[in-house]
Amino acid sequence: MAFKYLKYEELTIVPEFERKTHNITRSQIADLNGLAESIAEIGIRDPFTVKLEDGNYILCDGYIRYNILKEFLRAGIKTEVDFDKIPCEVIQGNTSPSDLRIEANKHIHLTHVQTAEYMKCLIDKYKMKVPEV
């Protein structure tokens with residue numbers, strides 16, 4: 001894994017890998033507000049995880065922080081973030097999208113239904129075969 005600073009607009013989003021934010025609890029909302037305040041005050045502390053694929057940097061981990069940055073830009077909010085210098089860990093090689101996502105989010109415990117939905121997405125969207133998933 002290599003470290004690199006990327007411009008915000010260089011990050012490519014795969015919508016199927018975004019975390020669903022419906023049904024979040026009040027404590028989770030408070031955590032997100034705290035994260036947004038922290039990012040606004042000190043910038044991005046932990047690097048995003050991206051994969052270099054066909055010249056594109058595909059975001060594998062950091063969707064919530066990415067969306068907070070997107071909201072800052074949309075709303076014109078002044079922050080300490082340098083949008084031309086986003087810290088990223090770049091993964092290269094033949095790692096599959098599913099392996100990257102699993103590795104990046106192994107600390108998150110998915111329900112069986114969430115795991116099945118995720119696997120279905122990999123099969124439908126990326127035409128992956130069951131042994132690859």
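Because the model is predicted, local features need pLDDT of at least 70 and side-chain atom pairs count only at pLDDT 80 or more, while totals for chains, interfaces and linings use all residues. Residues are numbered from 1 along each chain as its sequence is written, and side-chain values use heavy atoms, with hydrogens and water left out.

Five strands form an open sheet of mixed pairing in the order β1-β5-β3-β4-β2, where strands are DSSP runs (E) of at least two residues and helices are runs (H or I) of at least four, numbered from the N terminus, and two strands pair if DSSP finds at least two bridges between them. The edge strands, each pairing on one side only, are β1 (2-6) and β2 (11-12). β3 and β4 pair in the antiparallel sense over five bridges.

The structure holds three salt bridges, each a side-chain nitrogen of Lys or Arg within 4 Å of a carboxyl oxygen of Asp or Glu.

| Salt bridge | Closest N and O atoms |
|---|---|
| Arg45 and Asp46 | 3.7 Å |
| Lys51 and Glu53 | 3.2 Å |
| Glu71 and Arg74 | 2.4 Å |

Lys51 counts as buried at 7% relative accessibility, whereas Arg45 is exposed, with a relative accessible area of 67%; buried means under 20%, exposed over 50% and partly exposed in between, with a 1.4 Å probe and protein chains only.
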